[in-house]
Amino acid sequence: MSYVIDDAMIEHVSILAKLELTEKEREAAKKDMERMLDYIDRLNGLDTSGVEPMSHVLPVRHVFREDVVTNGDGREDTLLNAPDRKEDMFVVPKTI
């Protein structure tokens, strides 16, 4: 099935996309849209009855680390490297 995209459709799509197209760009857009719709029509004609549906092309795996409780936050070890400290804080020069 071949689709024919008319000027009204291109005008409507260009308004939705907030595009200002020249006449040359309108003609190119018409041809592109027709080719895209023809390709989608070809894909719709494929027999996918034995294909399992999927949500991603690649396998999805959990990428987050395990949430493990640790003892303390390492504050003392960190403050050992401080050139100057006051109680549990770094002391830094005042900036304005």
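**Ground rules.** I'm looking at a predicted model, where local features need pLDDT of at least 70, side-chain atom pairs count only at pLDDT 80 or more, and totals for chains, interfaces and linings use all residues. Residues are numbered from 1 along each chain as its sequence is written, and side-chain values use heavy atoms, with hydrogens and water left out.

**Helix 2.** I took helices as DSSP runs (H or I, at least four residues), numbered from the N terminus.

I found Arg26, Ala29, Lys30 and Met33 buried in helix 2 (buried is under 20% relative accessible area, exposed over 50%, partly exposed in between, with a 1.4 Å probe and protein chains only). They sit on the same side of helix 2, because they cover an arc of only 105° around the axis (taken from the directions from the axis to the C-beta atoms). The face turned away carries the exposed Lys24, Lys31, Arg35 and Arg42.

**What covers it?** I looked up what covers the buried residues of helix 2, and helix 1 (7-16) is included. In helix 1, Asp7, Met9, Ile10, Glu11 and Val13 meet Arg26, Glu27, Ala29, Lys30 and Met33 of helix 2 (contact is heavy atoms within 4.5 Å).

**Serine 14.** I placed this residue in helix 1. Serine 14 is buried, at 4% relative accessible area. Leaving out residues up to four places away in sequence, Serine 14 touches Leu19 and Leu21.

Key: Helix = DSSP H or I, 4+ residues; strand = E, 2+ residues; numbered from the N terminus.
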